[in-house]
Amino acid sequence: MLFSVKSSFAVLQDTTAKSVNRIPGIITGKVIDENNRPLKGAAIVVKGTSIVIESDIAGLFEIKANPGAILIIKYPGHYIAEVKVKDDKDLTIKLLDTHIQSPDKVDVLYDKIDQSAQLGSVATIYTNQLTTTPASLYLYALPGQLPGLYAQQVSGFSAVQTAPQTSNGLFTNVVTSHNVAPNDNSEINLKIRGQKAITIIDGVQREISSIDPESIESVSVLKDGLSTILLGINSSKGILLVTTKRPTIGAPRISFTAETGIQQSLGLPTPLPAYQYAYLYNEALQNDGKAPIYTTADFNAFKNHTDPTGHPDVNWFKTILNDYSPLTSYKLNVNGGTQVARYTISLNYMDQGGIFKTASAVPYNTNNDLNRYVINSDLSVDVTPKFKVDLQLFGRIQQGTEPGGGYGNILQTLYSLPNNAYPVYNPNGSFGGTSFYTNNLLAQSENSGYIQTNNHDVLANLDLNYNMSSFLKGLSFRAKGNLSIESQTVLNRSLQNQSYLYTAKDSSYAAVGNTVSQSNNFATVTSARYAFAQGALNYARSFGKNNVNAMLLADYRSVVLTFDLPQITNDRAFKVGYNYDGKYFIEGAVNNSGYNRYPPGHQFGIFYAGGIGWQMGKESFIKDNLTWIDSWKWRADYAKTGNANIDSYGYYGYEQTYSGVYSAYPQGTSRSRGAGLIADSLANPNIRWENAHKIDIGTDISLFKNHLRVTADYYHDKYYDLLQVRGNSIALLGTPYTVENLGINLYKGGELTLTYSNNLGNFNYFITGNASIESSKVVYSDEEPSPYPWIRHTGQPVTAIYGYTALGFFQNAQDAAHSATTVGYTPQPGDIKYKDLNNDGVINQFDLSPIAGTKPLIYFGTTIGFNYKGFSFSAILQGVTNRQISIADNAYSGFIGAGQFGTQYVGQGYDVLNSRWTPETASSALLPRLSLGNLNNTSLSSFDIKSGNYLRLKNAEIGYSLPQEFCRKLKLVGIRVFANGENLLTLSGFKGQDPEVYYGDPLNYNPYPIQRVFNAGVTIKL
Amino acid sequence: MSNYKNIFWVALILLACSIGACKKYEQFPVDKQTRSLVFDKYDSLGTNAYAYLTSMYGVLRDGHNVVGSDYLDAASDDAVSSAEGPTDAVTILSTASYNSFTLPVNENIWSGSQSYWAGIRMANEFVNNIGVVPVQQTYNGYSMKYEWKSEARFLRAYFYFELVKRFGGVPLLGNKVYTINDNISLPRNSFDDCIKYIISECDAIKDSLLTNPIISPNAYYGRATKGAAMALKARVLLYAASPLFNGGNIDGANPLTGYTNADPSRWAQAAQAAKDVIGLNSFALDSSFTDVFLTQNNSEIIFIRQGDNGNAVESANGPVGFPGAKGLGRTSPTQDLVDAFPMNNGLPISDPASGYDPNNPYVNRDPRLSYTVLYNGAQWLNTQLQTYEGGQSKPNTGQQQTLTSYYMRKFMGNFENANSYGAHNEDWVILRYAEVLLDYAEAENETLPAPSGEIYNAIVALRKRAGISAGTDGMYGLKPGLRQADMRTVIHNERRVELAFEESRYFDIRRWKIAETVMNQPRKGETIIQSGSATTYNVTNVLTTKFTQPKMYLYPIPYDEVLKNPNMKQNPGW
């Protein structure tokens, strides 16, 4: 909120107002907002004079100005407009919202406070910054816009779960518990200062990412401990705070947006044509001392496509994938009300198509598809002037489909299927296949039925506010109740087709694989129930220059996932703040917070935080001497926070439990497989939550009449009692050790945001940039004593990746023979040479050292934009440096899935293989010699580490609001047309694929590609 | 106005109630079984405790293709793995390319997923807790739970011995079940202590175990019995009396690696223990050699690890080239093993009088040869096996096939005259009566200046059952009046051919301290050239094995375990 702009410009002049009894030299007019609602208190200045007046409650004003004079109209949060006075007409001046907002009141956890009293480290973006991004989730808009938030995309499509999270054993009632909370975000990893984020929407923790951006008022990241302390036992995590639009008083504001776009896959690898593939495969075989399997005749047939059945050359990417897929959404927002009752309704429909082609003969959709209806409504009633009730209802109906084979499986097959594997169709029209590839890929993607998932979510919030000033001045009470239900079901209507191996010699068709008729299975995947109740007494009062506020709060949260026992979190907190004259601030909070999954008697802990602030800008030495400084605030806070992550390590792991094992051991001559029982993993009765000491020091500066704003933060977060397995895990115990509260990690770094905005007449422009640096260190890890310091993790960054250090390729046999190698391997020229760190002549586990992830991560974003007479433009540049990625070796430099199955060799190759090592290309080779499953070359080493740095034109939008007179003719409040895009341009250190979503990522090996989106739409306001 | 105040207070009270701890849910999940449910003081059937005991048997390893898909004996001089490459687990063992960090996982029964300490932990937990279970069923007048407890103690003793024979002395944990709060940096107990402990356990439990023949074999076959405890004792004492530990300690005065003195009386104890098993008269040699492995609950079986009724042995080890009966030919027996089998008259092939014909090497041999090894020309699946170069079962096409021209036959069903493999008993035999006879013969021979008639009788019994012709003297090829050393050679060889692939040879060459000799020679196979009707046999080297003495007589304690435990002493040389 510190890096925002209040000023700027824009406007549409209305020339149709009639003139009545004009008094010469007096100009009358009206100031309205985007929704044609009057703006009270807008400042109207006659340019070049000192005449200033304000608009009244109806937005009307009268000002002394002569025709030809220029009026400057300003209103906080709106662009500045300059209007030339004409002689005969009243003026109607419409002020447009600024792209970057900076309101006086900002949202914090469970409260809304004055920006000036904010002591924590918080960054916020508002509606306009979210709506330029065409995507299925609002999270897509976050990268590059919020300092301290590292958002990395891992997939281009939502990966809904299609199997029940838990299932009964086939023969017994043994069930696996520990269900996973449903989360609709499977595409973007969010980390705030290195920690996973908790999403809180309107004061309630909800992991929901599919809210219409237009119904969101703001998205904030709460990064420091003081800001999160009210989460108590979960306060170590950063918070993504989402506030949806509240109703406002006024005539109904109706806004309808229709937009549609096309998506295009980015960064897919380029498969080798069959003849090149065959040639390289032969080379790999020969390198392994095996006989080649392709002849010259084969090469020619592959190359000339003379025998499409016997020597197919199928580009499977082109065969099963579409070049473009659609993305459409419609949004309707209504907002309005009276002093007594106010309402908002937001309806949103979104339909995202997938990348797969479909067959016209199949009457139903087999492509990936996600369509969603979201309704969010809010009704706010002042029952009495002192008693307010607010009811919010959120409903979501979502349907996802994917091909019957499952899109993950299809992508996995696609990435590893060679062009010459089999023909798509045989001469008789049947699906091609071989005895190894028994399920034709096209049959899987287009003809194997579909899997449908259905989500039904209902969330209800009830807020009560009661002003108790009559009892004690400044006292108020509020209560919140929330009930939510999320459920997901799956309908599996998949099938499998027969594929046939055609033999030209005798024109025979041999059936391979098998046929599975269409199923019709229905199952409940997840059912989650959330309940949240919170009550708070607030006290806020000023005594002269002394301002006090305090809050006494208690809350209760219950989560029931499918059939697990409820997870219950309780907080009992007290928070108090004081400031003197808005100059000196102090704030403290303590929270007695507990979680019921910890051992009885050890479920509650005390968490606390404190902060101080100093508004240096109000001191006379600045106010009187340095007038270009508008505001300069220093702030610092400390917190002791908690992280209740016991569920990540098992279900009730504090007590030793035993599980039944069916068919444990055959008994007697009958081999009856009676029940068995074994101990589950070792119990840790001492298990506690993890803790952290978090320190944040920051400053917020506003200069040059608020045109330039600077926010800077430094943080030092020490996480301790981290759960990890002890290093001295001696095997005599007879069972693996479980996690204990042992580790200490330090995260530190900083964030800087600069925002500049100004206007040249009606040309309002802005630029805002933020950069974050984040470093980590393992302060203590209970490692086994190692004789080699480079193996140790203690002292290294948390993110370090360990592997061998590659020294290049062995260039000759002599080099290979005289160098250290992996145990049992005889290297050859063209193999990767590794550094023998301990000089013992072999490459083994003692030669592992940090090879990547040791530098502090730096990520940044810049948004630039302008607005001129209804034309608007904005663009986001986003980037990361010091990022390193690893790519699974054989995905890049070998044949995927290569191996020998009978006599059938498999595995796809990509164009990067052309840069392999051969004796001729020894000096320029980028990859080792080809091989099928070479142990030496596939070890994780610095060779597999690539630069993950990138700079993206993440998003850009150009829009035009049609002139008001035109709208008026159509009886509309406003029309805006726009075109925007996502992932438009990328500069990356990693060539050939996308740096975020790439094939061979150890975390997501066969990803759904990231999408570039071109989108256009229109917003109509009634 | 005051109405709203009331509403407010009601809301506050409701809220307070919902925040307060109304006990609506159980505090611990009902689907989780705690110790008190496993060892249930109200369960007179002891169902859960019995299920726990049953699972303990599951820790016993099934030796079929267990070490990286090979038999452990493929790391001895009896066989090599057909799988190419130096990373094969048994090849790592036989070529000495392991160290304390890279001991193959299946032989690393100390740490990792195959750890026998897990079995010992389970046994201790059972021994400590079974007392509370009021099992009503009785055995010998006592609650059956005492019998169960003895079974757990047998398994514990067995697990300890499997550790001791690989590593030497190990820490003895007693009955303690260690928790996360305990310091477990324990030192190793001496080899002597370990043997004493195992023996004392065998002695203590033998009379409370089920006896043989087992009652209700339908339900109880496979359980540890008195015979199993006594046969284990015989084996343990035999190992302890053997040169590696008794006089040949690789580290002289180190009590962890063996006895620090040589005491011939240990042989007598071993002989007596074996004789005690024989004296039970509960066991007898089965009339058919293959039947021992194919028939459940035959008279020769003392203790088994239950297997399935299937044909996994054939799938993994059957000869390649039979389309209707898939085999991967994983195990390639060596020429050494084949040559160890005598002729049908009981004479070794090196004996000029044996009648051995190098140009027709497989005729008139000990019938156990054709029950142990599939050789060129052997009858299999209604075919004469072709393992000559380019033959059906040695096609040389690059796929996995025999390296020696031999395939393993032992443990397989009698599929000589079948077209495909059917299901059969695949139990893994851990202790059988034939071994007891061999244990007895070996130990007794060491205690006497000259072999006694009883020793002869033990060997004769095995040879007779094998189908070796008795000969005119009824001696089954044994020469009368052998000297002790000659009889030792006969017994060692008899043990090799009788117990081939049963995880005996791998340890025998160690405890006899001959591994440094036999394993530092190349492993050999036959290259058979079929040219018209002429067949020529050429011995070729298939693998150069290696054995570093003395350190490899014992496995290294896993690297990490020594690092993590300051009291853990590494074995010498590692």
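1. Buried area is the accessible area that two parts lose on being put together, summed over both. By that count, chain A and chain B bury about 6100 Å² between them. Carbon and sulfur atoms carry 62% of this buried area. Keep in mind that the model is a predicted one.

2. The contact between the chains can also be counted in residues. On one side stand 73 residues of chain A, and they are in contact with 76 residues of chain B. Which residues of chain A lose the most area to chain B? They are Tyr658(A), Tyr665(A) and Leu732(A). Together these three make up 15% of what the chain A side buries.

3. Now chain B by itself. The chain has 574 residues, and 59% of them count as buried. Its secondary structure comes to 20 helices and 15 strands. Along the principal axes, the C-alpha atoms of chain B fill a box of roughly 120 × 55 × 50 Å.

4. Next, the surface and charges of chain B. Its accessible surface comes to about 21000 Å². Carbon and sulfur atoms hold 51% of that surface. Chain B has 51 positive and 56 negative charges.

5. The largest nonpolar core holds 181 residues. Which of its members touch the most others? Trp110(B), Phe126(B), Phe154(B) and Phe303(B) do. Helix H6 of chain B, residues 144-167, gives this core its largest share, 13 residues.

6. Another core lies apart from the largest one. This other core has 38 residues, among them Leu241(A), Met551(A), Tyr595(A) and Leu723(A).

7. Last, one residue of chain A. Ser961(A) is in strand S51, which covers residues 950-961. Is Ser961(A) buried or exposed? Ser961(A) counts as buried because its relative accessibility is 12%, and the cut-off for buried is under 20%. Beyond its neighbours within four places in sequence, Ser961(A) is in contact with Gly870(A), Ile975(A) and Arg976(A).

How values were computed. Residues numbered from 1 in each chain as written. Chains lettered and ligands numbered in written order. Predicted model: local features only at pLDDT ≥ 70, side-chain atom pairs only at ≥ 80, totals over all residues. Heavy atoms only, no water. Helix = DSSP H or I, 4+ residues; strand = E, 2+ residues; numbered from the N terminus. Buried < 20%, exposed > 50% of the residue type's maximum accessible area, 1.4 Å probe, protein only. Areas by Shrake-Rupley, 256 points an atom, 1.4 Å probe, with all protein chains shown as cover. Lys, Arg positive; Asp, Glu negative; His and termini not counted. Charge placed at Lys NZ, Arg CZ, Asp CG, Glu CD. Contact = heavy atoms within 4.5 Å. Core = buried A, V, L, I, M, F, W, Y, C linked by side-chain atoms within 4.5 Å. Buried area = accessible area lost by both parts, 1.4 Å probe.
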